[in-house]
Amino acid sequence: MLKKISKFPFKGTPEQEAQLKALIEENKHDSSMLMHVMQQAQLIYGYLPFEVQVMIAEGMDIPLEKVYGVSTFYAQFSLSPKGKYNISVCLGTACYVKGAQSILDEIAKQLGISAGECTEDGVFSLEASRCIGACGLAPVMNINDEVYGKLTPDQVAGILAKYKEA
Amino acid sequence: MYRSHVLVCGGTGCTSSHSHEIIEKLESEIAARGLQDEIKVIKTGCFGLCALGPIMIVYPEGCFYSEVTVEDVPEIVEEHLLKGRMVTRLLYDETVQADEIKSLEQTKFYAKQKRVTLRNCGVIDPENIDEYIAHDGYQALEKCLNRMTPDEVINVVKDSGLRGRGGGGFPTGLKWSFAAKNSADQKYVVCNADEGDPGAFMDRSILEGDPHCIIEAMAICGYAIGASEGYVYVRAEYPIAVKRLQIAIDQAKEYGLLGENIFDSGFNFDLHIRLGAGAFVCGEETALMTSIEGNRGEPRPRPPFPAVKGLFGKPTNNNNVETYANIPQIILKGAEWFASMGTEKSTGTKVFALGGKIRNTGLVEVPMGTTLREVIEDIGGGIPNGKKFKAAQTGGPSGGCIPADLMDTAIDFDNLTAIGCMMGSGGLIVMDEDNCMVDIAKFFLEFTVDESCGKCSPCRIGTKRMMEMLEKITEGKATLEDLDKLEELALYVKQNSLCGLGQTAPNPVLATLKFFRHEYEAHVVDKKCPAGVCKALLNYKIKEDMCKGCTLCARKCPVGAISGTVKNPHKIDTAKCIKCGACMESCKFKAIIKE
């Protein structure tokens with residue numbers, strides 16, 4: 001799958017770097033822990049900037065080519081930062097047959113971005129996700145950790161407004 | 001002793017509709033009335049009837065409250081738990097008959113079910129090992145370690161006829177015997193919990209509702225094949241399942257049920273969790289193991305099979321969650337008991353995740369051989385909004401569809417294969433007359449194009465070319481010749497791909513071509529989408545007799561495709577129209593239709 005790579009400059013803090021170093025130190029003797037380290041690194045930074053991938057490669061003594069290969073292979077790893085509110089619309093089958101595409105289209109229309117992008121002010125990012133398993137509530141979307149179920153396109157504006165004010 | 005137990009569903013579906021807040025509120029309301037020593041609140045796994053969530057059951061009465069909100073909680077505590085009067089307005093209407101409460105087992109949703117792998121889901125607290133032990137937990141492991149030889153264990157599993165529930169349907173006992181036969185200094189047991197089929201969530205529900213049964217089953221497998229280490233590979237999208245499995249592993253270690261010298265038998269077994277990172281192909285066993293090793297999850301050719309050379313190059317046995325969930329029961333109750341359920345060649349039960357256009361969405365477990373009609377009409381409660389059943393999709397992106405005239409097919413591995421379908425992991429998505437089958441085939445192909453790992457060209461390039469042909473069809477640009485080409489290419493991809501993903505990716509296309517060729521032809525020949533889904537083939541029209549000439553639609557149209565004067569019927573210029581639907585939404589007189 002094609003990944004959107006960030007054009008934003010890298011802005012890591014010393015605290016984040018210390019956390020990452022400790023994480024690498026703990027796992028560097030076991031190369032099978034690479035994915036675990038990358039998952040945790042994404043939690044620390046919110047995404048996996050190229051600079052972080054370099055630190056992981058050097059720290060774990062794994063070729064950068066392999067780290068980059070893994071980061072682009074799995075959907076979970078994001079190479080560009082997410083918005084303050086990340087909207088992920090489930091496009092699993094159960095949601096799709098109940099009209100999830102029209103929900104995604106409506107949000108894209110309202111925010112003026114397409115799936116995989118972030119609004120210029122950095123408030124919203126939008127993505128289409130795989131099945132999250134809440135099929136009983138289809139169609140479903142997540143905004144950060146909050147789940148919205150049984151959606152219709154006309155609810156979208158109201159839900160987005162709540163976050164715009166916040 | 002408590003006089004009442006309140007069970008609240010803590011599965012992903014109900015948690016998404018805030019069941020955790022209901023639990024907090026319940027506890028505080030109960031404490032406020034000083035009832036905390038009389039009433040116990042338990043957070044359980046999934047009850048199965050996700051459509052009615054959040055769900056709460058109060059025992060001993062067995063009251064089934066559905067769609068409970070936080071605001072309802074004080075009333076339930078005050079009226080029911082304190083004064084003993086049920087809150088009838090919240091009871092699931094199927095359980096109330098002539099003012100009498102029927103037990104859950106008597107409702108249509110549960111009556112035809114047989115819960116074997118889901119037996120503890122919604123019954124026990126998954127975060128408390130004592131509750132699992134009280135429900136015969138870890139007895140099967142004790143029986144194996146102290147009273148059976150590894151060969152005897154494998155023979156029981158063989159005799160039960162259990163087949164892999166992850167999709168392939170390979171006999172589990174036979175698989176175990178392969179791994180047992182190979183000697184090595186280290187072997188591994190792997191559990192595939194990378195449930196990638198969109199719309200299937202039984203593995204997640206088992207891990208969330210009964211994690212100890214997977215631990216017990218994996219330890220039994222370890223004993224049978226001679227492995228001392230195991231890995232569970234779970235989707236990262238399942239945070240609740242991961243958390244509960246980790247709690248369960250920690251508790252099992254504390255009780256000495258994992259670790260060294262289990263039950264004083266000299267047998268050691270340790271278990272690790274590895275998280276997936278969102279790659280469908282990792283459901284394929286060789287790709288899954290490559291991923292556990294920390295690599296891109298690309299599959300590799302078989303042979304060598306994992307039983308010879310698997311995880312870290314060592315003999316490995318890999319089964320999926322639902323398969324393992326059957327094992328402790330088979331050991332305790334015997335192979336004959338298990339083989340007595342289901343059909344001759346597909347024994348036992350199967351869990352289906354009912355979704356889509358069906359009233360009772362949720363998880364159901366039925367004996368193999370139950371007909372699709374029973375599952376959809378009796379258990380699922382039929383299609384909502386008076387619509388007509390069109391097809392059921394099984395097996396997700398690797399499966400096919402079952403049309404209405406085959407609804408009396410008894411569902412088992414071989415019957416589904418015979419009609420060009422596939423059991424798959426058990427996703428069962430119901431579609432009604434509003435769903436376009438070409439669009440559904442395109443939806444699944446889009447998924448496999450995206451998820452193809454790219455290692456082999458039939459899958460990487462073939463699925464992409466198929467996708468382009470489907471796009472042509474849904475845009476009304478295809479010819480009948482394209483349909484034949486599509487079918488030819490589909491068969492080529494199926495025969496020549498490296499792994500299960502590519503070999504099954506064309507199935508949704510082949511199945512819809514087989515059963516719904518007329519719909520494809522309508523797109524190609526008549527340039528029409530009969531279900532009204534494919535946008536490019538739709539035309540918006542204003543019904544002259546209904547239009548009042550209010551001009552609202554003309555003002556809403558973003559491209560100025562609507563013309564007309566005040567109080568006279570308007571017209572849409574189909575050449576300019578971008579089919580956004582804004583006019584139809586805005587019309588107060590329902591004068592705009594799409595056809």
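Which strands of chain A does helix 6 lie across, and at about what angle does it run to strand 1?

1. To begin with that helix, and bearing in mind throughout that this is a predicted model, helix 6 of chain A, residues 100-111, lies across strand 1, strand 2 and strand 3 of chain A. Relative to strand 1 of chain A, helix 6 runs at about 150 degrees.

2. The sheet in question in chain A is an open one of 4 strands, taken in the order 2-1-3-4, with mixed pairing. Strand 2 and strand 4 (146-148) of chain A stand at its edges, and because each has a single partner strand, one side of each is left without a neighbour in the sheet. From one strand to the next, the twist averages 20 degrees. Within this sheet, strand 1 (residues 85-90) and strand 3 of chain A pair in the antiparallel sense over 3 bridges, and the bridge partner of A:Val89 in strand 3 is A:Met141.

3. Is A:Gly133 buried or exposed? A:Gly133 has 32 other C-beta atoms within 10 Å, and because the cut-off for a buried residue is 20 or more, A:Gly133 is buried. Residues up to four places away in sequence aside, A:Gly133 touches B:Thr12, B:Phe201, B:Arg204 and B:Tyr238. A:Cys95, which is 38 residues from A:Gly133 in sequence, is 9.8 Å from A:Gly133 in space, C-alpha to C-alpha.

4. Chain B also holds an open sheet of 4 strands, in the order 2-1-3-4 and with mixed pairing. Its edges are strand 2 (39-44) and strand 4 (63-65) of chain B, each with a single partner strand, so one side of each is left without a neighbour in the sheet. The twist here averages 20 degrees from one strand to the next. Strand 1 (residues 4-9) and strand 3 (residues 56-59) of chain B pair in the antiparallel sense over 4 bridges, and B:Leu7 stands opposite B:Ile57 in strand 3.

5. Further along chain B, strand 12 (residues 349-356) pairs with strand 13 in the antiparallel sense over 6 bridges, and these two strands form a hairpin with 5 residues between them. B:Phe352 stands opposite B:Val364 in strand 13 of chain B. Why can strand 13 (residues 362-367) of chain B be called largely enclosed by the rest of the structure? The reason is that 6 of the 6 residues of strand 13 are buried. Both faces are covered, with B:Gly362, B:Val364 and B:Val366 buried on one side, and B:Leu363, B:Glu365 and B:Pro367 buried on the other.

6. The last point concerns the nonpolar cores. The largest has 213 residues, and those with the most contacts inside it are B:Ile214, B:Met218 and B:Ile220. Helix 10 (residues 211-225) of chain B gives the most to this core, with 11 residues. Leaving aside neighbours within four places in sequence, B:Ile214 is in contact with B:Cys191, B:Ile206, B:Leu207, B:Val321, B:Tyr324 and B:Ala325. Apart from this core lies another, of 12 residues, among them B:Cys553, B:Ala554, B:Ala561 and B:Ile562.

How values were computed:
Residues numbered from 1 in each chain as written. Chains lettered and ligands numbered in written order. Predicted model: local features only at pLDDT ≥ 70, side-chain atom pairs only at ≥ 80, totals over all residues. Contact = placed C-beta atoms within 7 Å. Pairing = 2+ DSSP bridges. Axes fitted to C-alpha atoms, helices over the stretch in contact; angles between N-to-C directions. Core = buried A, V, L, I, M, F, W, Y, C linked by C-beta atoms within 7 Å.
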